[in-house]
Amino acid sequence: MTMTFGDETPGAVKDGSDAAFMADVIEESRTQPVIVDFWAPWCGPCKTLAPALEKAVRGSKGKVKLVKINIDENPGVAGQLGVRSIPAVFAFDRGRPVDGFMGAVPDSQIRMFVDKLAGAAAGGGEDELQAALAEAATAFAQGDVGGAAQIYAVALQADPENVKAIAGLARCYLAAGEVEQAKDTLSMVPPEKDKDPDVQSVRAAIDLAAAAPPPGANTALETALAANPNDHAARYELAVAQAAQGDLESAVNNLLTIIEKDRAWNEDAARTQLLRVFEAAGFASDVAKTGRRRLSTILFS
């Protein structure tokens, strides 16, 4: 159910139009932020987004207003703003657009978006931030790098110095092969937080990525191992390549194989590299925990 700005329910949701845009959005935003949701009846993601967006706005206790514009009936403003796909959400403050996003995004991201506009109390805002960071970490672990990056970016809008968000976004760039962008993102870390474990972990992963092999190198090394499984040099080079490519689990498996067969091979090169991989994965990660257990079994059996 939509309602007018005069409703006593916390927050305010209103159907808008091209004709009323100046009054409902531009003028209203001079006194408090106004969110505009461009949608259409045939748009499935719009139906997913709308309830969460309306709930978040109503929960702002009147600090933010929402205007919903059906672009089928009112294509003018959407066209002027360059909207090419929906849902498209814009936030206006002091008469101008200041933020926005496109597509159906997670509820936590919507709440953070609204809370940022509303100037939410630090306690509630912190809770939402932590929920968003946990959601981003889960998305990354499940292979949704793009979704994780989007959530981390929104978290940084709310807290530009949040180390977990900075490190998380850098890791997303690294997973996408954007090594320089990952380095640039880490430069956002405040000097006093440079030794944070999350930062150190991503930095170690970036260092590993610097050893990325040329195309086809993995295949050649795998062929060499198929011919001679005890070719530790080839297995080590394959592990280095896998770590550089982000396949940390395979890298750990190959390094442990070397250690199991020859603990001191090449002056402990395999164990040294293994510790680098653990750091890059994060010492609390499943890869590191499982690898340490296996290493312990090998060394003390």
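How many salt bridges does a search of the whole structure find? The search finds 12 of them, a salt bridge being a side-chain nitrogen of Lys or Arg within 4 Å of a carboxyl oxygen of Asp or Glu. The model is predicted, with local features needing pLDDT of at least 70 and side-chain atom pairs counting only at pLDDT 80 or more, while totals for chains, interfaces and linings use all residues. Residues are numbered from 1 along each chain as its sequence is written, and side-chain values use heavy atoms, with hydrogens and water left out.

Select K14 and D24, whose side chains meet in a salt bridge at 2.9 Å, N to O. This pair links distant parts of the chain, 10 residues apart, with K14 in strand β1 (residues 12-15) and D24 in helix α1 (residues 21-27); helices (H or I, at least four residues) and strands (E, at least two) are DSSP runs, numbered from the N terminus. K14 is partly exposed at 24% relative accessibility, whereas D24 is buried at 10%, where buried means under 20% relative accessible area, exposed over 50%, and partly exposed in between (1.4 Å probe, protein chains only).

Go next to K116 and D99, a salt bridge whose closest N and O atoms are 3.6 Å apart. Because K116 lies in helix α4 (residues 107-118) and D99 in strand β5 (residues 96-102), the pair ties together parts that are 17 residues apart in sequence. K116 is partly exposed, at 40% relative accessibility, and D99 is buried, with a relative accessible area of 18%.

Within it, the side chains of E54 and R58 meet at 3.5 Å, N to O.
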